Amino acid sequence: LLEDFTGHQCGNCPSAAYLAQELKDLYGDQLIIYAAHVGSYAFPDITPYLYDFRCVTGNEIADQFGITSGAGIPLPVGMVNRKEINGNPVLDRGDWGTTLETILSTPAEVSMDVSSSYNSSTRELAVTVNTEFLQAMNGLYNLCVFMTEDSIVKWQKIYPAFPVPGYPTGDVEDYVHRHVLRGSMNNTWGDEIAAGSVAAGDTVFSSFTATLDTGWVENKMSVVAYVYDFTTKEIIQAEEEHLH
């Protein structure tokens, strides 16, 4: 899972999003992305940047890991399974690819099966997650289920020093925002699914419901689910399900 922290007034952020999409094209379903719009560069305060992609979930994760624009860690940055490099899980874009290679070279510890159903009349989304532990493990493990929306066309600032293929620089009206984090179905830090020792083959079945905001386009929505170690916050496994 690549968590890309960005903002619509961050002019060097689109180049990081472009790199993330290149990695997605390379690794396919092995890589899942969400883009969390956080910090002052995500504020809806200057024309034409009056829309708001921020959400409570993204803000709380950014606060937990000290990610801000201005004071603290500036954008763009990301986390790849929240795996630490030199003691820090918050990585510059240049470290995303090598960290991803390292993670994908190790055996999976958890398998996840995510399914969804959607009622277009009520806009209610129902999601089930079946989690199987593939190895004997010991610790505290939580499951998070987030919602993302893809291909939202809105304004984005792009600095000339960080150009993006296919776009002009400056204030770009028709920028396509990918994998935008919209919120969580079970709060920012999720639900505990295992505590203490678990055996290989242990399974946990979880279900969730949420009503989609009327401003979200249903056929562009996806569910991103992941299991993480609650003590270290490192993500163990992630899965994505496109809404249907």
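Analyst: Buried means under 20% relative accessible area, exposed means over 50%, and partly exposed lies in between (1.4 Å probe, protein chains only). The model is predicted: local features need pLDDT of at least 70, side-chain atom pairs count only at pLDDT 80 or more, and totals for chains, interfaces and linings use all residues. Residues are numbered from 1 along each chain as its sequence is written, and side-chain values use heavy atoms, with hydrogens and water left out.

User: Why is Asp52 called partly exposed?

Analyst: Asp52 has a relative accessible area of 35%.

User: What makes Asp52 and Arg54 a salt bridge?

Analyst: A salt bridge needs a side-chain nitrogen of Lys or Arg within 4 Å of a carboxyl oxygen of Asp or Glu. The closest N and O atoms of this pair are 2.9 Å apart. The whole structure holds six salt bridges.

User: How do you know that Glu149 and Arg182 form a salt bridge, and which parts does the pair tie together?

Analyst: Their N to O distance is 3.0 Å. Glu149 sits in strand E6 and Arg182 in strand E9 (residues 180-184), so parts 33 residues apart in sequence are tied together. At 3.0 Å the pair is inside the limit, so it counts as a salt bridge. Both Glu149 and Arg182 are buried.

User: What about Lys157 and Asp171?

Analyst: They form a salt bridge, with the closest N and O atoms 2.8 Å apart. Lys157 is in strand E7 (residues 152-158) and Asp171 in strand E8, 14 residues apart. Asp171 has a relative accessible area of 44%, so it is partly exposed.

User: How do you know what counts as a helix or a strand?

Analyst: Both are DSSP runs, numbered from the N terminus: helices are H or I with at least four residues, strands are E with at least two.

User: What makes a group of residues a nonpolar core, and which residues have the most contacts inside the largest one?

Analyst: A nonpolar core is a set of buried Ala, Val, Leu, Ile, Met, Phe, Trp, Tyr and Cys residues joined through side-chain atoms within 4.5 Å. The largest has 28 residues, and Leu125, Val129, Phe133, Leu143 and Val145 have the most contacts inside it. Elements giving two or more residues to this core include strand E4 (110-119) and strand E5 (124-133). E6 gives the most, five residues. A second, separate core of 25 residues includes Phe5, Tyr34, Ile67 and Tyr226.

User: What does Val129 touch?

Analyst: Contact means heavy atoms within 4.5 Å. Leaving out residues up to four places away in sequence, Val129 touches, among others, Met112, Leu143, Val145 and Phe208.

User: What makes a space a pocket, and which residues lie nearest the centre of the largest one?

Analyst: On a 1 Å grid over the protein atoms alone, a pocket is an open set of points with protein on both sides within 12 Å along at least five of seven lines; lining residues have an atom within 4 Å of a point. The largest pocket has 27 lining residues, with Asn81, Ile103, Thr106, Ile236 and Gln237 nearest its centre. Helix H3 (96-104), strand E6 (137-149) and strand E13 (235-242) each give two or more residues to this lining. E13 supplies the largest share, five residues.

Key
On a 1 Å grid over the protein atoms alone, a cavity is a set of points where a 1.4 Å probe fits but cannot get out, and a pocket is an open set with protein on both sides within 12 Å along at least five of seven lines; lining residues have an atom within 4 Å of a point.
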